[in-house]
Amino acid sequence: MTRRRILVGTFGSAGDLFPLIPAMLLLRSEGHDLRCATTRTLGLYLRRVGIPTIALGDGSEIRVFSDPEIFTNADGGWESWRRTIGEYVLPTAPADVVTLRRLFGDWRPDIVAVSTFAVAPRVAAHLEHVPVVELSIYPQFSADTVAEKLGPALRHDVFN
């Protein structure tokens, strides 16, 4: 078996992270060099099980826990997704991309596996020509569907 360097990127809640932990532990047990790019708060869970993390965000994403507008069924729930992207993911994405590109220079992953809200790891991998695999616990939400539904929220300087 070839040992690979694998970066997993996830951004969101424990519900986005927890389904990925068993897969990360399995990959690590098979000898792969694995790291996870995620928020500081989610990184606490990973440190508990010994998975190295790269901190995304600036810590302000913790305010999601007191955001009265984050949970809504407006537009079939897509308004919550737009708010998540616009208020919590995109504001720090440019700095997160810079952080990840530095990591790629020091520790070049062979592959980057990303969950739905992992914008910065997806962009950094694209800029560094590293293959990306999309992971989702929401199979109905492919990258194309998300981009289509979140359209205006995704127009941000990180993509320019």
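1. Read from one end of the sequence to the other, the protein follows the pattern β-α-α-β-α-β-α-α-β-α-β-α, and this amounts to 7 helices and 5 strands. Please keep in mind throughout that the model is predicted.

2. The 5 strands form an open sheet with parallel pairing, and their order in the sheet is E3-E2-E1-E4-E5. The edges are taken by E3 and by strand E5 (132-134), each of which pairs on one side only. Neighbouring strands of the sheet are turned against each other by 20° on average, if direction is ignored.

3. For a closer look at one pairing, take strand E2 (residues 33-39), which pairs with E3 in the parallel sense over 4 bridges; Thr-39 has Leu-56 of E3 as its bridge partner.

4. Two helices may be considered against this sheet. Helix H3 (residues 40-48) lies across E2 and E3 and runs at about 145° to E2, whereas H5 lies across strand E1 (5-9), E2, E3 and E4, running at about 155° to E3.

5. The largest nonpolar core has 26 residues, and those with the most contacts inside it are Leu-7, Leu-100, Leu-103, Phe-104 and Val-112. At least two residues of this core come from each of strand E3 (53-56), helix H4 (78-89), helix H5 (93-106), strand E4 (111-114) and helix H6 (119-127). Apart from this core lies another, of 12 residues, among them Met-24, Leu-42, Leu-46 and Ile-51.

6. Leaving aside residues up to four places away in sequence, Phe-104 touches Leu-7, Pro-109, Val-112, Ala-124, Ala-125, Glu-128 and Val-130.

7. As for the protein as a whole, 42% of its 160 residues count as buried, and its accessible surface comes to about 8,500 Å², of which 55% belongs to carbon and sulfur atoms.

Note on methods: Residues numbered from 1 in each chain as written. Predicted model: local features only at pLDDT ≥ 70, side-chain atom pairs only at ≥ 80, totals over all residues. Heavy atoms only, no water. Buried < 20%, exposed > 50% of the residue type's maximum accessible area, 1.4 Å probe, protein only. Areas by Shrake-Rupley, 256 points an atom, 1.4 Å probe, with all protein chains shown as cover. Core = buried A, V, L, I, M, F, W, Y, C linked by side-chain atoms within 4.5 Å. Contact = heavy atoms within 4.5 Å. Pairing = 2+ DSSP bridges. Axes fitted to C-alpha atoms, helices over the stretch in contact; angles between N-to-C directions.
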